[in-house]
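User: Hi! Could you walk me through a few residues in this model?
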Amino acid sequence: MVSYMISASSGRPVTKSQLAYETIKARILDGSYGPGYRLVLDQIGRELDVSAVPVREALRRLEAEELIQFERNVGARVTAIDPVAYQHAMQTVAIVEGAATGLAAPLLTPDALARARALNDRMRRSLAEFDPLAFTALNAEFHEVLFGACPNPNLVDLVQRCWTRLAAVRDSTFASVPGRAPESVEEHDRLLALIEGGAGPDEVERFAREHRLATLEAYLARTR
C-alpha cells in the first residue's frame, strides 16, 4: 500500500517520494542548497521522517532535471553552473521566453497587466533595501504573469523548464551585478508600455529577448 504525507508547499497529500522531491527541489531553488552542496540520503530522510528509498527516487528525478549530479565516491551534489553553461542557458531563455511573451501580449487582460505593474512597483521599492533573493522572486513572478498568457502550452513548458534549470544561478545574479536591478525595473516599464500601447507580437518579442540578454551581458561583463 502506498503511504501519503502532506506537502508543506501545497497542503495536499503526496507520496513520500514526491515529498522528498518537492522539499529538495525547493531548497535548491531558494538557495538553501547552493551549487556543490552535498546531499546525504540518510540525513534528508531523517529530516523528512522517510527512508532512504524515496529520497533516492527524488534525487534521480532531480538528476534528470539537471539540478543535481552524482559523483563517484561522493554521492549527489547540487549542480554547479559554469559561466559558459549559464550563457547558453540564458540565451535559450531569451529566445523561448521572448517568443512566449510576444504571443501572449495580445491576450493579456487589463487585470494581468495591472498585476504585472504592481509587481514591478514592488521591485522598484525594494531597491532601497536591496535583497537579491526577494528581488529575483518578484522578477520571476512578473515575467510569469506576462508569458503565462501564451496560447502555446509547449512554449510555456519550455520557458518554465529553462527557469528551473537556471534558478540557482539567477538567485545570485542580481547579487553579483546589483546595478542591473534598477535597469531591469525600467525595462519592465518599457515592456509594459509596449504591450499596453498595442505593439505587435514581433516587437514585444524582440524587446523581451533583448531585456533578458541584457541581464546575461551584465553578468558576463562582471566575470571577464
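Analyst: Happy to; we can look at some histidines, a glutamate and the cysteines. This is a predicted model, where local features need pLDDT of at least 70, side-chain atom pairs count only at pLDDT 80 or more, and totals for chains, interfaces and linings use all residues. Residues are numbered from 1 along each chain as its sequence is written, and side-chain values use heavy atoms, leaving out hydrogens and water.
User: Great. Where is His211 found?
Analyst: His211 lies in helix H9, residues 201-223. Helices here are DSSP runs of H or I with at least four residues, numbered from the N terminus.
User: Is His211 buried or exposed?
Analyst: Buried, with a relative accessible area of 3%. Buried means under 20%, exposed over 50%, and partly exposed in between, using a 1.4 Å probe and protein chains only.
User: And which side chain makes a polar contact with His188?
Analyst: That of His211, at 3.2 Å. The side chain of Glu187 also makes a polar contact with the His211 side chain, at 2.6 Å. A polar contact is a pair of N or O atoms within 3.5 Å; within protein, one must be able to donate a hydrogen and the other to accept it, and residues adjacent in sequence count only if both atoms are side-chain atoms.
User: Where does Glu187 sit?
Analyst: Glu187 is in helix H8, residues 180-196, and is buried at 14% relative accessibility.
User: Switching topic: how many disulfides are there?
Analyst: Zero, counting pairs of cysteine sulfur atoms within 2.5 Å. Cys150 is buried at 7% relative accessibility, and Cys162 is buried at 15%.

How values were computed
Helix = DSSP H or I, 4+ residues; strand = E, 2+ residues; numbered from the N terminus.
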